[in-house]
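Here is a friendly walk through a structure with two chains to explore. Keep the picture open while you read, and look for each part as it comes up.

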Amino acid sequence: MFPMLKSLLVSLAIALVGCSSQPLRTMEPGDRPAEHTDEGGLWDALAESERALQRSPLLVRDEALNRYVNGLVCRYAGEYCKDIRVYIVRRPYFNASMAPNGVMQVWTGALLRAENEAQLGFVLGHEIGHFLGQHSIKQWRRTKDTANALSLLQLIAAGSPSANAGDAFDVALFAAYASLFKYSRDHERESDQHGFERSVALGYDANQGWKLWQALLAEENARDRRKPSSVFATHPATEERLTTLRREAEALAKNGDGTGGAEFNEALRPFLTTWLADEVQRRNYPQTLVLLDRLQSRPDVRNAGMLAYFRGEVFRKRRAPGDDKRAIDAYVAALDLPGYPAETLRDLGYAFRRVQDTESANRAFADYLAARPKADDRALIEHLMQEPVRTHED
Amino acid sequence: MQAYVSGAGMRRWGNFGRALFVLCALVLSACSSTHVRTDAEFDVARDLGGKSVVLVEPSIQLFEMQASGLMEPRADWTRAARDRLPAAINVILAERQANLKPEYRVPAELPADAKPRQVLALNEAVINTIFTHSYLHVPLPTRGASRRKPLSWTLGPGVSTIREQTGADYMLTVIVRDSYTSTGRAALMILAAALQVGVLQGGQQFGVATLVDLRTGDVVWFNVLSDSLGDLRDDEGAQATATKLLKGLPL
């Protein structure tokens, strides 16, 4: 390589790495980044996507639910409450996210999985930790610098006459990616810490955070490997985070025992049927069964019939060997429990047809129509009751 | 950073080859194109004498292309361009004697399911669909493989809500994403050319403009602009971009 080129490369490398030392904002409540900065640019672009989010059909607009979740966010965010705008998004996966401009997304899959206010609060506190720690902008700058440095390396490798230069580049690439993920894990740890500390300060039981992670880990371990994963795909090292949180909770001299009041259940209850139906639609049945077990084992469970119904739905839709029978058992069990939906009777009818039991099917269908005289699918059900069972029922 | 041209064959061309390569690299990355489609009936009639037009919620974003090719949004440039480009469009429309209505934005206090908001969301979806099926290589089974067919898309008569709000006969939509080569990127581009390892893409201007008939909802005119020279950071550049963006606009 020419000496001139070499010195050009070196100065370019210095110029590229030089931009990484930008200071973070002080972040007083109500602060905005200056317009000409990289962060100002991100805020402007995010404002556009926030407008799209505001008119998304996936947005849950129920006033009472939004008021409740917002109230909890405000308790955790304190004086930064006004800087954060919460959007509840109808997606059946456990997730919540925080954008640097204060847009917080909470997915319904996370609301469904939190057992009480303390667990939901821990998740919200974790996200607020990302916000206050300015993790997005840190990650953006880090990504930018890494990508710039890699581009230069790639050019040098491609231009080098040495046959091994390409291999050397691959090694550098992997190291760079690994360091990006590591960076992100540090942010997760820091945010866990923030959620934990705020929970303790607000008098919640400090054990609820790790209990939620533990529950999610159990779900993750039951995962159908062919199906897309949950939040853990991007948030590795969960066991380590769990252990850290548990150790800290146990080391506390004084632990609050609050898991929150009845408002949590009151705000979420109207949506459980919809969210559980969405959950079953994910078709990751082993995970859904683990979730249903956990919801069922809650001390204050009031909708055992509904949970049993959705267990039946899992089996009816999965149709693994023996599932037809399991579905019938689950629906029948639901009928003895409080809170089962009328659809239990109808779907029990469908399940009986699959095992060629016309008589029981028709009895269940008749009960369904009696319970729901104005059912939308009355004509269909009445027709089915006249129709002989086929060898392979759908 | 993909698609490197192999540099091995170039070496034996000597200094002349090297100079030629650098020149080609710079020329190749500088080109401009527009692709207009119009509705068949509209193409025949094309009589818009005395009709009024409203520009709705122009979506404009400017980025700085980092050395790696990563796009960083620039709020200061974007804000200036959001004033400049609509102003330049207005100048052109005024020159063509179109009756211009003031730019329309859905009032912030309207709920998400308000009709004007929904019509604009539908408009966005239709723009994406037209772009995918009439410009990218994704033919629709119902429309056949020809990408050059006239437009036959409509938002339906529900668009009248925008006419009621604005009093306009036609609604003009403009979407522009524009990126500019940073110093680091420029250095890397020159370096890539000097090392003869390939041609790196610099900043690009990309835009879509459509005209919708606010009585029928038909999309009557659609233009896609792709340009590596356009610049929305000054008035002159904005005027040039507006001219290309409105190319073939039947007014």
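Two strands are said to pair if DSSP finds at least two bridges between them. Helices (H or I, at least four residues) and strands (E, at least two) are DSSP runs, numbered from the N terminus. The model is predicted, so to speak of a local feature a pLDDT of at least 70 is needed and side-chain atom pairs count only at pLDDT 80 or more, while totals for chains, interfaces and linings use all residues. Residues are numbered from 1 along each chain as its sequence is written, and chains are lettered from A and ligands numbered from 1 in the order in which they are written.

**Chain B and its strands**

Let us begin with chain B, which has 7 helices and 7 strands. Along the sequence they follow the pattern α-β-α-β-β-α-β-α-α-β-α-β-β-α.

Is it enclosed or open? Of its 9 residues, 8 are buried, so strand 7 of chain B is largely enclosed by the rest of the structure. Here a residue is buried if 20 or more other C-beta atoms lie within 10 Å of its own, exposed if 12 or fewer, and partly exposed in between, with C-beta atoms placed from the backbone. For chain B as a whole, 38% of the 251 residues count as buried.

Strand 7 of chain B pairs with strand 1 (residues 32–38) of chain B in the antiparallel sense, over 7 bridges. In this pair, Ser32(B) stands opposite Asp227(B). Strand 7 of chain B is also joined to strand 6 (residues 205–213) of chain B by 8 bridges, and these two run antiparallel. There, Thr210(B) stands opposite Phe222(B). Strands 6 and 7 of chain B form a hairpin with 5 residues between the strands, where Gly217(B) takes a positive phi near 85°.

Ser152(B) is partly exposed, with 13 other C-beta atoms within 10 Å.

**The sheet of chain A**

Chain A comes to 17 helices and 3 strands, and 33% of its 394 residues count as buried. The 3 strands form an open sheet in the order 1-3-2, with mixed pairing. Strand 1 (85–89) and strand 2 (96–98) of chain A stand at the edges, each with a single partner strand, so one side of each has no neighbour in the sheet.

Strand 1 of chain A pairs with strand 3 (residues 103–107) of chain A in the parallel sense over 5 bridges, and Val86(A) stands opposite Met104(A). Helix 3 (residues 63–77) of chain A lies across strands 1 and 3 of chain A, at about 135° to strand 1. Helix 5 (residues 117–132) of chain A lies across strands 2 and 3 of chain A, at about 25° to strand 2. Such angles run from 0 to 180 degrees between N-to-C directions, and axes are lines fitted to C-alpha atoms, for helices over the stretch in contact.

**Two helix pairs**

Two packed helices are described by the angle between their axes and the distance between the axes. Here is one pair from each chain.

| Helix pair | Angle | Axes |
|---|---|---|
| Helix 12 (residues 285–296) and helix 13 (residues 304–318) of chain A | about 165° | 10 Å apart |
| Helix 3 (residues 75–95) and helix 7 (residues 235–245) of chain B | roughly 55° | within 8 Å |

The angle makes helix 12 of chain A roughly antiparallel to helix 13 of chain A, whereas helix 3 and helix 7 of chain B are oblique to each other. The cut-offs are these: angles under 35 degrees count as roughly parallel, over 145 as roughly antiparallel, 65 to 115 as roughly perpendicular and the rest as oblique.

**Where the chains meet**

The contact between the chains takes 26 residues from chain A and 24 residues from chain B. Two residues are in contact if their C-beta atoms, placed from the backbone, lie within 7 Å. On the side of chain A that touches chain B, helix 6 of chain A gives the largest share, 10 residues.
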